[in-house]
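Visitor: I have a structure to go through. Can you take my questions one at a time?

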Amino acid sequence: ELRQKLEQLAERITKVPAEPFHLPTGSSYQAGEPPGKVAFLFPGLGAEYPHMLSDLCVNFPEARECFDRMDASVRAADGRPLSADIYPPTTFAENELETAAARLGKIQRANPALMTASGAMFTILDKLEVRPDMMTGHSSGEWVSLPASGMADVDRFVSGMSGLNDV
């Protein structure tokens, strides 16, 4: 679905590159400098859900790499990596998705999951040269703005995430 939307956008932009537009799907385009400032707002607890950013992880290896890096440092007590809760295996049991959502909703999993998802989005936007004039976060989303803004080293920040909720 994401690939199809991106292809439609590229086709429309190629036809008339100087013409701004807004599509019913939520996509917008405008050539040149934006009329105002760009702000990034990173979400906090409650915004997590199973399969979040799955389309981006398939189409942008950089997004998946963010989750792989988090998996290396954040594990559940039973050894499950973080991505096992975000991307549970496909099942035909009706309650499995609810079970995955419940596991993911626990603060010890939700915080690093949201921070990783936000970091992945930031990585993709940065690759596409979409840069904010300012950034902030709601609740735990504030933690993401630190490495995103360059105020904290990403590798040290990620390695310290595993103990964040043990306080």
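Visitor: How many salt bridges does a search of the whole structure find?

Guide: The search finds 9 salt bridges. Keep in mind that this is a predicted model.

Visitor: Which residues are linked in a network of salt bridges?

Guide: Arg-80, Asp-85, Glu-96, Arg-103 and Arg-109 are linked in such a network.

Visitor: Let's take Asp-85. Where is its place, and is it buried or exposed?

Guide: Asp-85 sits in helix H4. It counts as buried because its relative accessibility is 0%, and buried here means under 20%.

Visitor: And Arg-109, how far apart are the closest N and O atoms in its salt bridge with Asp-85?

Guide: They are 2.6 Å apart. That pair links distant parts of the chain, with Arg-109 in helix H6 and Asp-85 in helix H4, 24 residues apart. Both Arg-109 and Asp-85 are buried.

Visitor: What about Arg-80?

Guide: Its side chain meets that of Asp-85 in a salt bridge, 3.1 Å from N to O. Arg-80 is partly exposed, at a relative accessible area of 24%.

Visitor: Which residues does Asp-85 touch, not counting those up to four places away in sequence?

Guide: Arg-80, Ala-100, Arg-103, Leu-104 and Arg-109. With the side chain of Arg-103, the side chain of Asp-85 makes a polar contact at 3.0 Å.

Visitor: Next, which residue forms a salt bridge with Lys-127?

Guide: Glu-62 does, with the closest N and O atoms 2.7 Å apart. Lys-127 is in helix H6 and Glu-62 in helix H3, 65 residues apart, so the pair links distant parts of the chain.

Visitor: How exposed are Lys-127 and Glu-62?

Guide: Each is partly exposed: Lys-127 has a relative accessible area of 48%, and Glu-62 has 21%. Besides Lys-127, Glu-62 touches Thr-123, leaving out residues up to four places away in sequence.

Visitor: Changing topic. In the largest nonpolar core, which residues touch the most other members?

Guide: Leu-53, Leu-56, Ala-63, Phe-67 and Ile-86, out of 19 residues in that core. Helices H2 (54-59), H3 (61-71), H4 (82-86) and H6 (107-127) each supply at least two residues of the core.

Visitor: What is Phe-67 in contact with, leaving aside its neighbours within four places in sequence?

Guide: The list is Leu-53, Cys-57, Ile-86, Tyr-87, Ala-113, Thr-116, Ala-117 and Ala-120. There is also a second, separate core of 6 residues, including Phe-40, Phe-42, Phe-122 and Ala-148.

Visitor: You mentioned Cys-57. How many disulfides does a search of the whole structure find?

Guide: The search finds 0. For Cys-57, the nearest cysteine sulfur is that of Cys-66, 8.2 Å away.

Visitor: Last one, helix H7. Which of its residues are buried?

Guide: In H7, residues 141-148, the buried ones are Gly-141, Val-144, Ser-145, Pro-147 and Ala-148. They are on the same side of H7 because they cover an arc of only 165° around the axis.

Visitor: What comes just after H7?

Guide: Gly-150 is there, and takes a positive phi of about 90°.

Definitions and conventions
Residues numbered from 1 in each chain as written. Predicted model: local features only at pLDDT ≥ 70, side-chain atom pairs only at ≥ 80, totals over all residues. Heavy atoms only, no water. Core = buried A, V, L, I, M, F, W, Y, C linked by side-chain atoms within 4.5 Å. Buried < 20%, exposed > 50% of the residue type's maximum accessible area, 1.4 Å probe, protein only. Helix = DSSP H or I, 4+ residues; strand = E, 2+ residues; numbered from the N terminus. Contact = heavy atoms within 4.5 Å. Arc of directions from axis to C-beta. Polar contact = N/O pair within 3.5 Å; in protein donor to acceptor, adjacent residues only side chain to side chain. Disulfide = S-S within 2.5 Å. Salt bridge = Lys/Arg side-chain N within 4 Å of Asp/Glu carboxyl O.
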